[in-house]
Amino acid sequence: MPALKKKGQQTLMFKNPPFITSWASLVGPKEGEGPWGPYFDTVFADYLLDEESWEKAETKMLREAVKMALSKQGLLPGDAELFLAGDLMNQIISSSYAAREINIPFLGLYGACSTMAESLAVGAMMIDGGFYQRVVAATSSHHYTAERQFRSPIEQGVQKVPSSQWTATAAGALVLQSTGMGPRVSCATVGKVVDMGQTDVANMGGAMAPAAVDTIKMHFQDTGRKPDYYDLVVTGDLGAVGTALARELFIKEGLVPSPNYSDCGVLLYDGKQGVDSGGSGCGCAGCMLAGPLLHKVKNGEINRLLLVATGALMSPTSTFQGESIPGIAHAVAIENM
Amino acid sequence: MNMENNEKLKTAQQEEYHHLVNRTKPKPPVVQNCLWAFVVGGLICVIGQLFLNYLLGLGFNKQDAGSLDAIIMVFLGALFTGLGIYDDLGQKAGAGSIVPITGFANVIVASAMEFKKEGYIFGVGAKIFSIAGPTLVFGFVASVTIGLIKLWLIQ
């Protein structure tokens, strides 16, 4: 039997850590106005992107992110061997329709807002496993497609509560290769579904925080690394409320909430943008990783990054049937090595 | 036995976490929200009253003036939804803009606008009452119940 690359219970250690050779992030106007605006490749002026519907706009955004990530290396979509993507829409239509145009083998993923880490982890496994040499991992979300699917019509006058979050209009795409230059994916921790019985869909951060903490705990347990091993541990979209809860849980689990912990949902917007608890959606972790975070890894400002993208796996149907919200989180370690 | 204990432990953990969430979650600014609801809801009613007085002044009887007034207010609710103003108002005023009849117009027009892209039959037609529907259903149920009570008890 060959030596397994799995270490401990949930972590995969890559023998030949795949390279992240290029990446692209495309965001909507609100994200562009936020503190990280200059770090994104494209900031769209509106939410429709010259399309007829928001769904089509989201597909376009994802497709363009993939094309742009590849074009930064002078490559065309046909030069990639596999496209791994997911989004929030029913039947992951944004990804599937983007794949229709990109026209390379496609595996659709669903991990709600954890998709960026999920697609990266799966892509890295594929490359380290020796199946592919170049894989594109991508994800997207759109504020208005998510609002109409999960919440209420846009023009309806509803009052948001302070714990609610704003779904980011953003797409992120990363090119993973077996050889090349760039930061490398050294290991990944595949998370368990953790459900602490939370039913409040206006407090997703609260529902996902236990999953994030569980995955982070398992990651450190499996790898034997200490929390200060990383220059930055960043969760996907817990928002201000979820982050506060995660910090409480860190203490309970004996993990030191050192100053190198943050959350993409907290970082993406500034406090004056009316986003209540912060950003959310697949694109939140997607654009922060494929924008400012990888930029800082490339610069050497961050040498070891642990991205823990978090997802809430409920649907409007399960919510109406009184089911609680299952949370999930996957961790991906990105290092200069 | 072991499973039963695990189940109990899980419930206890969930309860503990629930308390933690409730402690951590920011509280909505209730007093401020109530004031906004009171002022905006009150203003909508004042506007309705002004129209009613005007219509009565034109010589309509009370019932006709009331119906016309409702039509005008529903129109205004729909208009401001279409102009993209009503949702901003709702974010501030909450129940103050949901409870008056203009709020009813808002949910119907918002649904119609939202689902237009899925076509006029399966989009607008099928979804226009997706939010206002319960109000209609329980409104009908209430009116039938009251009708029956009147029929049986007050003859």
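Axes here are lines fitted to C-alpha atoms, for helices over the stretch in contact, and angles between them run from 0 to 180 degrees between N-to-C directions. The model described below is predicted. In chain A of this model, α4(A) packs against helix α9 (residues 282-299) at an angle of about 60°, and their axes are 7 Å apart. Angles from 65 to 115 degrees would count as roughly perpendicular and those under 35 as roughly parallel; α4(A) and α9(A) are therefore oblique to each other.

On the α4(A) side, this pairing involves A:Thr115, A:Met116 and A:Ala117, which meet A:Cys282, A:Ala285, A:Gly286 and A:Leu289 of α9(A). By class, the residues of this contact divide into five nonpolar and two polar, with no charged residue.

**Chain A: overall form and domains**

Chain A contains 10 helices and 15 strands. Its radius of gyration is 18 Å, which agrees with the value near 20 Å that a compact globule of 337 residues would have. Along the principal axes, the C-alpha atoms of chain A fill a box of roughly 60 × 45 × 35 Å.

The domain assignment divides chain A into domain 1, residues 6-177, and domain 2, residues 184-335. The C-alpha centres of these two domains of chain A lie 17 Å apart. Their contact takes 58 residues from domain 1 of chain A and 60 residues from domain 2 of chain A. On the side of domain 1 that touches domain 2, helix α4 (residues 115-128) of chain A gives the most, with seven residues. That side of domain 1 has 32 nonpolar, 19 polar and seven charged residues.

Helix α2 (residues 54-71) and helix α3 (residues 93-102) of chain A pack with their axes 8 Å apart, at an angle of about 55°. That angle makes α2(A) oblique to α3(A). The crossing in which α2(A) passes α3(A) is right-handed.

From α2(A), the residues in this contact are A:Glu55, A:Glu58, A:Thr59, A:Leu62, A:Arg63 and A:Val66; they meet A:Ile93, A:Ser94, A:Ser95, A:Tyr97, A:Ala98, A:Glu101 and A:Ile102 of α3(A). The contact of α2(A) with α3(A) has six nonpolar, three polar and four charged residues.

**Chain B**

The secondary structure of chain B consists of eight helices and zero strands. Read along the sequence, the pattern of chain B is α-α-α-α-α-α-α-α. For 155 residues the globule rule gives 15 Å, whereas the radius of gyration of chain B is 23 Å, well over that value, so chain B is more spread out than a compact globule. The C-alpha atoms of chain B fill a box of roughly 80 × 45 × 40 Å along the principal axes.

**Contact between the chains**

The contact between the chains takes 25 residues from chain A and 28 residues from chain B. On the side of chain A that touches chain B, α6 (204-223) and α7 (239-252) of chain A each supply at least two residues. The largest share of that side, four residues, comes from α7(A). By class, the side of chain A that touches chain B has 10 nonpolar, 10 polar and five charged residues.

Helix α7(A) meets helix α1 (residues 2-24) of chain B; the axes of the two come within 10 Å and cross at roughly 130°. This angle makes α7(A) oblique to α1(B). The crossing of α7(A) and α1(B) is right-handed. In α7(A), the residues in contact are A:Val241, A:Ala244, A:Leu245 and A:Glu248, and in α1(B) they are B:Leu20, B:Val21 and B:Thr24. The contact of α7(A) with α1(B) has five nonpolar, one polar and one charged residues.

**Helix pairs side by side**

| Helix pair | Axis separation | Angle |
|---|---|---|
| α4(A) and α9(A) | 7 Å apart | about 60° |
| α2(A) and α3(A) | 8 Å apart | about 55° |
| α7(A) and α1(B) | within 10 Å | roughly 130° |

Note on methods. Residues are numbered from 1 along each chain as its sequence is written. Chains are lettered from A and ligands numbered from 1 in the order in which they are written. This is a predicted model: local features need pLDDT of at least 70, side-chain atom pairs count only at pLDDT 80 or more; totals for chains, interfaces and linings use all residues. Domain bounds come from an automatic or database domain assignment. Two residues are in contact if their C-beta atoms, placed from the backbone, lie within 7 Å. Ala, Val, Leu, Ile, Met, Phe, Trp, Tyr, Cys and Pro count as nonpolar, Asp, Glu, Lys and Arg as charged, and the others, Gly among them, as polar. Angles under 35 degrees count as roughly parallel, over 145 as roughly antiparallel, 65 to 115 as roughly perpendicular and the rest as oblique. A crossing is left-handed if the near helix is turned anticlockwise from the far one by less than a right angle, and right-handed if clockwise. The radius of gyration is taken over C-alpha atoms; the globule rule is 2.2 Å times the number of residues to the power 0.38.
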